[in-house]
Structure formats: C-alpha cells, structure tokens
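Subject: Handover of a structure

Dear colleague,

Please find the structure below, handed over for your further work. The notes that follow set out what was found in it.

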Amino acid sequence: MALLWWFTMAFAGSLVFIPSGHYEPLIPADPDQPITEVAAFRLDDRPVTAGEFAAFVDSDPRWSPSGVAPLLADAGYLEGTQRPGEPVVRVSWFAARAFCAAAGKRLPTEDEWEYVARASATQADASDDPEHLQTLLAWYGRPSSDALPMVGQGVANVYGVHDLHGVVWEWVEDFNNTLFVADGRQGGDGDRLAFCGAGAVSATDVSDYARFMRVAFRSSLRGSYTTSNLGFRCAADAEAP
Amino acid sequence: MMMLLLWLVGCGPGTPEDPYADQVAAALAEPLPADSLYTLELPLVDQHGRPSGLGVGRGHPTLVSMFYASCPTACPMLVGEVQALEDRLTAAERADLRVVLVSLDPDRDTPAVLAEAAERYGVDGARWSLHRTEDEHVRTLSAVLDIQYRDLPDGEMNHSTILTLVDRQGRKVARRDGLGGTVDPLVDALRGLP
C-alpha cells in the first residue's frame with residue numbers, strides 16, 4: 001500500500017514556484033493597511049485527483065469513509081464514485097490537510113491561493129481585466145450538475161498553474177479566518193462583543209464578484225463539511241535559496 | 001480496621017463530598033466514543049509547563065474554548081461569563097465541572113504567560129487549565145470547535161468566542177456563540193448529563 005501511495009504521488013500534481021509579491025486581500029485584516037505581502041512559495045499545478053486521494057485512503061484507513069472520525073468528516077465524505085482523473089471532491093478540510101501532510105506538503109493559505117488566482121494566461125494580476133473577470137464569473141454561473149472535467153485541461157495561468165478557476169472550489173489552510181458571523185439578536189453590539197480586536201468586515205474591491213463569492217463560500221464552511229464541488233490542491237514553502 | 005473498611009465502602013457510591021464519583025469512574029472505564037474530542041491528536045502544554053491534552057478533564061463535564069492571554073476585551077469577558085455560570089451551580093456541580101482553554105497565540109502565550117493570566121482572571125486552578133499548542137494544532141482545534149480567527153497586524157487577533165460543553169467522554173453536547181447571551185442552555189445541558 002505504501003508503495004502504491006509513493007507511486008501515485010510520483011505522478012501527482014507538481015509544485016510550481018510562485019515568486020513573492022504584494023496583493024490586496026478582498027477583506028484585509030487591517031483596512032488601513034490593505035496591501036499584504038505574500039512570500040515566495042510553491043503551489044501544485046493542478047487539484048488533487050480522485051485517483052490520488054483513493055491511493056492515500058488505501059495507505060491510511062483512518063481516512064477511509066468507514067474509518068474516519070465523525071468530527072473530521074461529515075456523512076457525505078467521499079460519497080459516490082469519481083473517475084480517477086477528476087479533481088477529488090467530498091473531502092473535508094481535515095482530510096485535505098492530512099493528504100497534503102502525507103505528501104510532505106501543506107494546504108495553501110487563503111492569501112497564497114488568492115494571490116495566484118489573480119493571474120490570467122498572460123498577466124500575473126488580471127484582477128483589473130474585465131474580460132478575464134467575466135470569464136471567471138461564467139463558471140460560477142454554470143449549473144453544478146454538470147460532470148466534473150478532468151484536471152489539467154484548463155489553460156494554465158502565467159505561473160503554469162491550472163484549474164484555479166472553472167473546475168472546483170478549493171480548501172485553504174485558514175478557511176475559517178473571516179468573521180462574517182454575527183449574533184443577529186444583538187445587532188452591532190453583538191458583533192463587537194463577539195470578537196477580540198476591531199475587525200469589521202469591509203471589502204476592498206467588490207467589482208471582482210467571483211472573488212467575493214469565494215470569500216463568502218469559505219466563511220460558510222466548517223472543517224468537517226464535504227460538498228460535491230469542493231476539492232483542494234497542496235502547496236509547500238519555497239525551497240531555501 | 002472496621003473504620004477503614006467502612007470508609008472504603010463509603011467511597012463506592014457517590015459520597016456527600018463527591019456525588020459524581022460513580023459517573024467519573026464509569027466514564028474512565030469505558031473506551032472513548034468515536035465522536036469524542038479526546039480522540040484528536042492534539043498535544044498541549046498547560047500553564048504549569050506540563051504535557052497535557054484536551055482530555056485532561058475526562059470523566060468530568062468540561063467547557064472548552066479558545067482565547068489568548070493579551071486579549072483586552074472578549075477573553076476576560078468570556079472567562080467572567082464562565083465564572084458567572086459556575087456561580088449558578090451547586091457546590092457539587094461546580095466541583096464536577098472542568099474548564100479547558102487553549103491559546104490562539106502560541107507565539108506569545110508561554111506557560112508562564114498562561115499562569116499569569118490564570119492568576120489575573122482569578123480562576124480555580126484545580127479545575128481550570130490554560131494551554132498552548134503548536135500553530136498547526138491551533139488551526140485544527142479552531143476548526144473542530146467552529147471558531148474563526150486570524151492574526152491582526154497590530155498583534156491582536158480577530159476571533160469568534162464559542163463556548164463548547166462536552167460530556168464526560170468528550171462528546172459535544174451544547175455550545176454558546178458570542179458573548180453576552182444567556183448561558184441557560186449550557187446549564188441545562190450540564191444538568192441533563194448522565
């Protein structure tokens with residue numbers, strides 16, 4: 001089993017180097033200093049496939065549907081059958097994280113993921129390109145009942161990364177970093193009381209509606225959730241120079 | 001000898017001093033259920049620098065939450081509300097309850113800082129424990145407890161306050177989101193526990 005796992009990972013998505021840079025998160029931690037530095041790192045060039053995830057589960061029964069702890073994955077975990085080359089879906093955040101750890105990688109942070117997701121095939125930052133944004137938005141409007149495409153078929157962005165858009169939503173390490181949740185019974189005061197710090201949610205750029213949808217989607221997740229359109233890819237720190 | 005025997009027998013069923021002794025012993029004798037928080041691999045260190053774990057209060061009903069020691073407002077309020085909850089319990093119920101707090105800020109919350117916070121909050125050190133763990137485990141526990149958080153550039157943190165009650169085996173039974181709301185459901189859930 002371990003050998004199969006090794007063999008599968010040898011052909012899994014390969015890490016692409018992403019140079020450091022700045023970007024403006026949709027919801028910055030500090031609205032007065034929205035520009036956020038992203039250190040150089042590496043990101044898988046495509047999402048993890050169902051075949052790769054199946055090999056992982058074979059190698060570690062703690063992550064099989066019958067073996068997984070109920071706290072770590074809901075009842076829909078790995079439900080249904082998938083073709084090996086499709087992006088794996090119906091995986092919880094805990095399971096995605098365990099897969100990446102087993103592969104010697106980690107999940108990307110939200111900043112890292114969004115930083116790379118600004119890129120089009122020709123620009124590192126296409127977030128001001130209306131045509132590009134419209135292309136992305138078209139995917140979010142597509143019915144989710146369509147069969148999932150195979151990974152790696154979408155056009156690569158300038159970094160050589162495929163499928164950040166147009167295939168599945170993806171888990172990030174800090175999916176639970178955004179405090180949209182308010183105690184509605186108490187209005188504004190409730191919000192202030194519920195959180196340490198002064199963090200009010202204020203978006204910097206609402207024209208990028210696809211981005212707004214991703215942030216809203218993530219904030220609705222819990223670590224054990226699984227859905228039919230939520231997968232993941234792995235990342236790693238940049239190698240020491 | 002007879003006195004000793006009587007004393008030992010007296011310990012069998014719950015004593016006036018510890019009416020919950022039977023339940024505690026029964027919980028410790030059973031294997032952990034699959035949905036217990038205590039099945040998670042989450043190595044902690046407590047405010048005395050001792051290795052610990054979420055299941056430090058296993059056998060007792062336990063309130064679990066996350067905080068950080070330098071938090072100016074929400075965390076002292078959270079602690080105050082748990083203490084107010086404790087004041088509503090009978091002495092025996094209170095003696096049976098445990099409180100486990102895990103820091104969101106492992107960089108700064110060393111055991112010494114946690115010990116200082118415990119003293120500042122005036123908590124009962126026999127039943128309350130404050131812990132730190134590594135970053136990756138902080139994120140894991142936050143996901144298990146549905147707590148949202150992130151670091152702010154000024155060194156503070158944004159985090160939601162969720163207080164979770166787990167039973168004697170570490171299974172979630174009730175929770176309270178936010179601050180300032182009623183803790184009645186937690187008290188009711190606590191009293192409804194076997």
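A salt bridge is taken here as a side-chain nitrogen of Lys or Arg within 4 Å of a carboxyl oxygen of Asp or Glu. By that rule, B:Asp146 forms a salt bridge with A:Arg222, with 3.4 Å between the closest N and O atoms.

This is a predicted model, in which local features need pLDDT of at least 70 and side-chain atom pairs count only at pLDDT 80 or more, while totals for chains, interfaces and linings use all residues. Residues are numbered from 1 along each chain as its sequence is written, chains are lettered from A and ligands numbered from 1 in the order in which they are written, and side-chain values use heavy atoms, with hydrogens and water left out.

The interface between the chains

Across the interface of chain A and chain B, the rule finds 2 salt bridges. There are also 10 residue pairs in polar contact between chain A and chain B, both residues being at pLDDT 80 or more. A polar contact is a pair of N or O atoms within 3.5 Å; within protein, one must be able to donate a hydrogen and the other to accept it, and residues adjacent in sequence count only if both atoms are side-chain atoms. On the side of chain A that touches chain B, the elements giving two or more residues are α3 (93–102) and α6 (187–194) of chain A. The largest share of that side, 3 residues, comes from α3(A).

In total, 34 residues of chain A are in contact (heavy atoms within 4.5 Å) with 40 residues of chain B. The area buried between the two chains is about 2,600 Å², and carbon and sulfur atoms give 56% of this. Buried area is the accessible area (1.4 Å probe) that two parts lose on being put together, summed over both.

The sheet of chain B

Helices (H or I, at least four residues) and strands (E, at least two) are DSSP runs, numbered from the N terminus. Two strands pair if DSSP finds at least two bridges between them. In chain B, 7 strands form an open sheet of mixed pairing, in the order β2-β1-β5-β4-β3-β8-β9. Strands β2 (51–52) and β9 (172–177) of chain B each have a single partner strand, so one side of each is left without a neighbour in the sheet.

Strands β3 (residues 62–67) and β4 (residues 98–103) of chain B pair in the parallel sense over 6 bridges. Helix α3 (residues 74–87) of chain B packs on the sheet, touching β3, β4, β5 (128–132), β8 (162–166) and β9 of chain B, and its direction makes about 165° with that of β3(B). Helix α6 (residues 135–144) of chain B also packs on the sheet, at about 125° to the direction of β3(B). Axes are lines fitted to C-alpha atoms, for helices over the stretch in contact, and angles run from 0 to 180 degrees between N-to-C directions.

Two buried residues of chain B

Buried means under 20% relative accessible area, exposed over 50% and partly exposed in between (1.4 Å probe, protein chains only). B:Gln47 lies in the loop between β1 (44–46) and β2 of chain B and counts as buried at 6% relative accessibility. B:Ser129, in strand β5 of chain B, is buried with a relative accessible area of 10%. Leaving aside neighbours within four places in sequence, B:Gln47 is in contact with residues including B:Pro111, B:Trp128 and B:Ser129.

Yours sincerely
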